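Please keep the sequence and the structure in view while reading.

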Amino acid sequence: MQHPLYAVRDYQGEILQDTFGITFPYLKREHVRVWIDGMPSRFTWLSDKTIKLEKPLQDVAVVRVRRRTPLNDRLVDFQSANLLTEADLDTSALQLFFIQQEIMDDVQLGLLGNPNFVPSDRFPDVGSILNLLEGWIGQEHLREELARRI
């Protein structure tokens with residue numbers, strides 16, 4: 001059974017359509033990206049929940065809107081316990097939470113053989129995930145277990 005994706009929304013775009021909704025939370029606008037039939041696409045923001053493609057679709061297409069929270073850079077750098085704020089603590093926790101959700105989305109999309117799977121900077125393909133786990137769990141056992149649970 002496929003579980004819902006946390007930070008990915010696919011639309012079946014129609015000819016001349018150019019506006020799409022953001023259905024997931026994000027920390028910064030630059031963390032939201034768009035692909036049209038697997039190719040990165042430029043867009044502008046109409047509101048915090050709506051984007052507009054740079055050019056309207058010229059044909060029907062799969063439009064994927066997804067969140068890509070930075071993995072390599074911390075969004076909050078705590079300098080002193082005296083300066084801790086609720087907003088900084090929330091941002092720090094949400095960065096990790098969102099990254100975890102995005103990795104789960106990558107795994108689910110990759111393992112299901114989805115033709116619209118967009119490789120991520122975290123795992124370029126399912127083989128990378130299996131190689132990462134090699135030595136902990138046999139690859140064949142891992143494939144069987146993951147296929148059984150999804």
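Q: Which residues does phenylalanine 20 touch, not counting residues up to four places away in sequence?
A: This is a predicted model, in which local features need pLDDT of at least 70, side-chain atom pairs count only at pLDDT 80 or more, and totals for chains, interfaces and linings use all residues. Residues are numbered from 1 along each chain as its sequence is written, and side-chain values use heavy atoms, with hydrogens and water left out. A contact means heavy atoms within 4.5 Å. With residues up to four places away in sequence not counted, phenylalanine 20 touches Tyr11, Gly13, Lys49, Thr50, Ile51, Leu53, Leu57, Val63 and Val65.

Q: How many residues does the largest nonpolar core have?
A: A nonpolar core is a set of buried Ala, Val, Leu, Ile, Met, Phe, Trp, Tyr and Cys residues joined through side-chain atoms within 4.5 Å; buried means under 20% relative accessible area, exposed over 50%, and partly exposed in between (1.4 Å probe, protein chains only). In soluble globular proteins, nonpolar side chains tend to be buried together. Phe20, Ile22, Leu53, Leu57, Val63 and Val65 have the most contacts inside the largest core, and its number of residues is 14.

Q: Which strands each supply at least two residues of this core?
A: Helices (H or I, at least four residues) and strands (E, at least two) are DSSP runs, numbered from the N terminus. The chain has 3 helices and 7 strands, in the order β-β-β-β-β-β-β-α-α-α. At least two core residues each come from strand E3 (32–36), E6 and E7.

Q: What is the distance between the closest N and O atoms in the salt bridge of aspartate 106 with arginine 66?
A: A salt bridge is a side-chain nitrogen of Lys or Arg within 4 Å of a carboxyl oxygen of Asp or Glu, and the structure holds 6 of them. Aspartate 106 forms one with arginine 66. Because aspartate 106 lies in helix H1 and arginine 66 in strand E7, the pair ties together parts that are 40 residues apart in sequence. Both residues are buried, and their closest N and O atoms are separated by 2.6 Å.

Q: Is arginine 67 buried or exposed?
A: The side chain of arginine 67 meets that of glutamate 102 in a salt bridge (2.5 Å, N to O). Arginine 67 lies in strand E7 and glutamate 102 in helix H1, so this pair ties together parts 35 residues apart in sequence. Glutamate 102 has a relative accessible area of 0% and is buried. Because its relative accessibility is 0%, arginine 67 counts as buried.

Q: Is valine 60 buried or partly exposed?
A: Valine 60 is found in the loop between strand E6 (50–53) and E7. Because its relative accessibility is 43%, valine 60 counts as partly exposed.
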